[in-house]
Structure formats: C-alpha cells, structure tokens
Amino acid sequence: MLQRIQTVYLLIAAIVSAGLIFVLHLWVTNEDVIIYAKDNLLYLGMFLGSAFISLITIFKYKNRKSQFMLGRLNIILNFILLGFFVYQSLNISGETAVSEKGIGMLLPIVSIVFLALANKAIKKDEDLVKSVDRLR
C-alpha cells in the first residue's frame with residue numbers, strides 16, 4: 001500500500017539522496033572552488049544508488065521482508081558513503097586541499113535517519129500482519 005508512512009520516509013530519503021546533492025556543497029577548496037557530489041563520480045554514484053534503492057523499496061510494498069532488507073542495504077550504503085566523507089576529512093592534513101567542509105557531508109546522516117524510520121514502520125506493519133494471522 002503506497003499510502004503508508006514508510007512511503008513518505010522513503011520518498012524523503014530519496015529526495016535527500018538525489019535532489020539535495022546538487023544544491024548543498026560537500027566542501028570548498030583553498031582556491032574557493034565549491035565541490036559538489038556531481039564533481040566526483042564515486043560520490044554521485046553512491047548518492048544516486050541510494051536514491052534508486054529507496055524508490056525501488058517504495059514499490060516493493062507487497063513483499064515487506066524484501067522491503068525491509070532493501071532498507072537495511074540502503075542504510076549500509078549510506079554508512080559507507082559517510083565513511084568516505086569521514087576518511088576524506090580526516091585524511092587531509094591541515095589546510096592542504098579543503099578549507100571549509102560543507103553541509104552536504106551530513107546528507108547521508110539525514111538519509112539514514114529517514115531509512116531507519118521507514119524500516120521501523122515496515123517492521124511494525126509486519127508484526128501487525130503476523131498478529132492478525134495468529135488470530136485466524
């Protein structure tokens with residue numbers, strides 16, 4: 001059913017992963033060059049992959065177990081992306097390449113929160129269906 005709350009959470013996670021990466025920058029270099037996710041193919045692919053998985057998860061509403069599994073996979077993908085950002089910011093010594101970190105580095109955290117809320121709602125639906133089956 002597309003009118004469930006997990007659909008809203010998954011749609012917000014997809015919008016954060018696919019839409020906001022073009023608006024919010026990841027960092028600014030010493031030469032005042034603003035770096036977005038579209039400038040790095042790895043980051044762009046991971047963000048768009050996360051959005052694609054979120055959209056696929058929305059339409060898997062008939063199979064809640066695969067929906068839950070895809071949500072967990074998407075959370076793992078966002079943690080890997082967050083790990084790349086942490087590595088990028090800690091690996092740079094001093095002010096060599098990055099002078100200012102952008103708010104775009106926090107997008108995987110926002111996406112993880114909404115994906116966790118969606119998985120919680122999916123689990124709640126699965127538990128409700130199991131309890132109704134027990135009564136029959």
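Is Phe47 buried or exposed? I looked this up first. The model is predicted. Phe47 has 1% relative accessibility, so I put it down as buried.

**Aromatic pairs**

I searched for ring pairs next. The count came to 3 aromatic pairs. I noted Tyr9 with Phe114: ring centres 6.3 Å apart, planes at 35 degrees, so this pair is tilted. Tyr9 belongs to helix α1 (residues 5–18) and Phe114 to helix α4 (residues 107–135). The two are 105 residues apart, and the pair links distant parts of the chain.

Then I went back to Phe47. Its ring pairs with that of Phe85, 6.1 Å centre to centre, with 35 degrees between the planes. I logged this pair as tilted too. Phe47 is in helix α2 (residues 41–58) and Phe85 is in helix α3 (residues 64–91), so the pair ties together parts 38 residues apart in sequence. I checked Phe85 for burial: it has 2% relative accessibility and counts as buried.

**Helix α2**

I checked the length of α2. Its 18 residues should span 26 Å at 1.5 Å a residue, and the end C-alpha atoms are 26 Å apart, which agrees. I listed its buried residues, among them Tyr43, Leu44, Met46, Phe47, Ser50 and Ala51. Ile53, Ser54, Thr57 and Ile58 are also buried. An α-helix has 3.6 residues a turn, so residues three or four places apart point the same way.

At the N-terminal end of α2 I found a cap, Asn40. A side-chain oxygen of Asn40 lies 3.1 Å from the backbone nitrogen of Leu42.

**A charge over a ring**

Last, I looked at Lys38. Its charged end sits over the ring of Tyr36, 5.6 Å from the ring centre.

Technical notes
Residues are numbered from 1 along each chain as its sequence is written. This is a predicted model: local features need pLDDT of at least 70, side-chain atom pairs count only at pLDDT 80 or more; totals for chains, interfaces and linings use all residues. Side-chain values use heavy atoms; hydrogens and water are left out. Rings of Phe, Tyr and Trp (its six-membered ring) pair if their centres lie within 6.5 Å; planes under 30 degrees apart count as stacked, over 60 as edge-to-face and the rest as tilted. Helices (H or I, at least four residues) and strands (E, at least two) are DSSP runs, numbered from the N terminus. Buried means under 20% relative accessible area, exposed over 50%, partly exposed in between (1.4 Å probe, protein chains only). A charge sits over a ring if NZ of Lys or CZ of Arg is within 6 Å of the ring centre and within 35 degrees of the ring normal. The expected span of a helix is 1.5 Å times one less than its number of residues. A polar contact is a pair of N or O atoms within 3.5 Å; within protein, one must be able to donate a hydrogen and the other to accept it, and residues adjacent in sequence count only if both atoms are side-chain atoms.
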